[in-house]
Amino acid sequence: QVQFVESGGGLVQPGESLTLSCMVAGFDFSKYPMCWYRQTPGQERKLVAHITQAPSSVLYYTDSIKGRFTISRDDAKNTLYLQMNNLKPEDSSVYYCNRLPGWTFPSWGQGTQVTVSS
């Protein structure tokens with residue numbers, strides 16, 4: 001059974017940092033590109049970053065987070081990370097992990113809420 005368990009969110013002030021984690025089970029994590037998505041109420045879930053498999057580990061970021069967020073993975077721990085620096089109020093969302101669009105599993109995790117507010 002595929003499971004995604006996201007954690008690390010919270011309430012922070014603008015300019016602060018958070019590191020999100022996503023523990024994965026139920027498929028061979030190391031063989032697939034992995035993604036972070038985010039969703040705000042009333043909006044579609046959007047891809048914000050992805051990382052391909054080792055050893056290439058090619059990275060992609062949506063323009064709004066370039067230079068501030070870093071995606072990484074630890075295949076030994078079946079865990080995906082998102083280091084978020086210089087957070088802005090517009091980064092407030094629920095963050096999820098899954099595979100690439102078109103390859104996502106239907107069973108999404110519960111997500112982790114990030115709220116950036118002064």
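Reply: A nonpolar core is a set of buried Ala, Val, Leu, Ile, Met, Phe, Trp, Tyr and Cys residues joined through side-chain atoms within 4.5 Å. Please bear in mind that this is a predicted model.

Me: Which residues of the largest nonpolar core touch the most other members?

Reply: They are Phe-4, Trp-36, Ile-71, Leu-80, Leu-82, Met-84 and Tyr-95, in a core of 27 residues.

Me: On to the aromatics. How many pairs does the count come to?

Reply: There are 6 aromatic pairs. In one of them, the ring centres of Tyr-37 and Trp-108 are 5.0 Å apart and the planes are at 80 degrees, so this pair is edge-to-face.

Me: Why does that pair tie together parts that are apart in sequence?

Reply: Tyr-37 belongs to strand 4, whereas Trp-108 is in the loop between strand 9 and strand 10, so the parts joined are 71 residues apart in sequence.

Me: What about Tyr-96 and Trp-108?

Reply: Tyr-96 and Trp-108 also form an edge-to-face aromatic pair, with 6.0 Å from centre to centre and 85 degrees between the planes. Tyr-96 lies in strand 9, 12 residues from Trp-108. Tyr-96 is buried, with a relative accessible area of 11%.

Me: Which residue lies over the face of Tyr-96?

Reply: Arg-45 does, at 4.2 Å from the ring centre. Likewise, Arg-99 lies over the face of Phe-27, at 5.6 Å from the ring centre. Phe-27 is linked by ring pairs into a cluster with Phe-4, Tyr-32 and Phe-105.

Me: Changing topic: in what order do the 6 strands of the open sheet run?

Reply: The order is 2-10-9-4-5-6, with mixed pairing. Strand 2 (10-12) and strand 6 (59-61) are the edge strands, each pairing on one side only. On average, neighbouring strands of this sheet are turned by 25 degrees against each other, direction ignored.

Me: In which sense do strand 4 and strand 5 pair, parallel or antiparallel?

Reply: Their pairing is antiparallel, over 5 bridges. Tyr-37 stands opposite Leu-47 in strand 5.

Methods: Residues are numbered from 1 along each chain as its sequence is written. This is a predicted model: local features need pLDDT of at least 70, side-chain atom pairs count only at pLDDT 80 or more; totals for chains, interfaces and linings use all residues. Side-chain values use heavy atoms; hydrogens and water are left out. Buried means under 20% relative accessible area, exposed over 50%, partly exposed in between (1.4 Å probe, protein chains only). Rings of Phe, Tyr and Trp (its six-membered ring) pair if their centres lie within 6.5 Å; planes under 30 degrees apart count as stacked, over 60 as edge-to-face and the rest as tilted. Helices (H or I, at least four residues) and strands (E, at least two) are DSSP runs, numbered from the N terminus. A charge sits over a ring if NZ of Lys or CZ of Arg is within 6 Å of the ring centre and within 35 degrees of the ring normal. Two strands pair if DSSP finds at least two bridges between them. Axes are lines fitted to C-alpha atoms, for helices over the stretch in contact, and angles run from 0 to 180 degrees between N-to-C directions.
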